[in-house]
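Subject: Structure handover

Hi there,

Here is the structure I promised to pass on to you. Could you open it alongside this email as you read?

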Amino acid sequence: MLQSSVTPHPERDRLMTRTRRIASRLRDLRSAAGTLPDAVVLLDHSQHVRWFNHAAEELLGLKRPRDRGRLMSDLLRHTELAPWWIDGAREPLNDVTAPGHPNRHVTATLLPFGSRQRLLLARDTSHLTRLEQIRRDFVANVSHELRTPLTVIHGYLELLDPEDVPELAPVLDEMRAQSKRMGQIVEDLLTLSRLETQDHVADEHVQMVPLLASLRKEAEALSQGRHTVTLDVVAPIDLLGSPKDLHSAFSNLVSNAVRYTPTGGRIAIRWAPSESDGATFSVQDSGFGIPAAHIARLTERFYRVSSSRSRDSGGTGLGLSIVKHVLNLHQARLAIESEPGKGSTFACVFGPDRLLRGTQAAEAAAAGVPY
Ligand code: ADP
């Protein structure tokens, strides 16, 4: 009787089948990740590249096999992602030029996983950037085109004398007010378009004492004695930035305080040192206040808590959007505290890099503008 010469090894066979199955799943996983449209880079605990997909070659400019095992910081060194990477890449980085493709834009995210490993993801957002550009151009062009006809209408309305046609006097008044409002909306939209396309501001010396004094005067002129306006200059500090844009941002906050505070209320303008060697410009009012649910959306274009109140007081719904953009350009932030029925505080918080203190401010003033 013939005997099989192969000795059965059930344990070894099972192990081999399992190994093959795991290897096949790993291959599947790699080829799936390999074909993802997003760039995926697998990094080990010391931030060296272990693996990357095809999209990473195209978007991040990595090359196989050259870049396997290389330090990610070296690979990103001369790219727009470098400062973000050095800073720890804690938050996603939006809309930067793709290191591997100068005409594309990406959003990059760093995700921790396993034992101190990291996954670097980069998504192509060029189409969104393009759409955003189309939107910006459209708004800027429409606003620009509206400017001339509005100036003509406004000019003719100014020429008409209500005394010549007394029965039309109220209509004429309303037409003048509305054409002025439209003109203001167009100017605010053009300001926003300009601010959106700017990525930095000139470092000019902004002298705070005269600026604050003129803001107080503006508040008093707008209030016409209906409110108590105070000015408190606690910080002998000046700012570095755009005097025109900062004046426009601060002036928006002051005008809002007057417009949203009933007669008899208080408005306090303050310039004071704040935490981490910064300084804060704030406007506090004892006005209507804002319900908490609205606060996060106030800086959106045309967002209003009460449309009628905004319109009746001459608002365009664009003021806080302008404030946010101006502050972003100065690496500052807007902090809003409010309680319905009690009042609101709008604060612009500046970091130390934007401040000119004591002798620095005096030297800058002596040297003239720009600083
Ligand atoms: P608007 O021209 O309508 O005032 P803004 O962008 O300046 O537009 O403000 C957006 C909205 O925020 C306003 O319509 C108003 O509802 C609210 N708001 C702004 N400032 C104040 C304030 N100091 N007190 C109460 N509400 C305010």
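This is a predicted model: local features need pLDDT of at least 70, side-chain atom pairs count only at pLDDT 80 or more; totals for chains, interfaces and linings use all residues.

**The ligand site**

The ligand is surrounded by 20 residues, and the closest are R259, Y260, S310, G317 and L320. Sorted by class, that shell holds nine nonpolar, eight polar and three charged residues.

N256 brings a polar side-chain atom to 2.9 Å from a ligand oxygen. With V305, a backbone N or O atom is what lies 3.0 Å from an oxygen of the ligand. G319 likewise places a backbone N or O atom at 3.3 Å from a ligand oxygen. On its own, the ligand has 530 Å² of accessible area, and the protein covers 97% of that.

Which elements give two or more residues to this shell? They are α8 (243–259), α11 (319–329) and β12 (343–350). Of the elements, α8 gives the most, with three residues.

L168 sits in the loop that runs between α5 (126–159) and α6 (169–197). Its relative accessible area is 42%, so L168 counts as partly exposed, a class that lies between the 20% and 50% cut-offs.

T197 belongs to helix α6. Is T197 buried or exposed? T197 is exposed, because its relative accessibility of 55% is over the 50% cut-off. The side chain of T197 reaches the backbone oxygen of S193 at 3.1 Å. If you want a distance to check along the chain, the C-alpha atoms of T197 and I185 are 19 Å apart, with the two residues twelve positions from each other in sequence.

S126 is part of helix α5. Its relative accessibility is 9%, under the 20% cut-off, and therefore S126 counts as buried. The side chain of S126 makes a polar contact of 2.5 Å with the side chain of D124.

Best wishes

Technical notes
Residues are numbered from 1 along each chain as its sequence is written. Side-chain values use heavy atoms; hydrogens and water are left out. A residue is near a molecule or strand if one of its heavy atoms lies within 4 Å of it. A polar contact is a pair of N or O atoms within 3.5 Å; within protein, one must be able to donate a hydrogen and the other to accept it, and residues adjacent in sequence count only if both atoms are side-chain atoms. Accessible areas come from the Shrake-Rupley method with a 1.4 Å probe; for residues, only the protein chains shown count as cover. Helices (H or I, at least four residues) and strands (E, at least two) are DSSP runs, numbered from the N terminus. Ala, Val, Leu, Ile, Met, Phe, Trp, Tyr, Cys and Pro count as nonpolar, Asp, Glu, Lys and Arg as charged, and the others, Gly among them, as polar. Buried means under 20% relative accessible area, exposed over 50%, partly exposed in between (1.4 Å probe, protein chains only).
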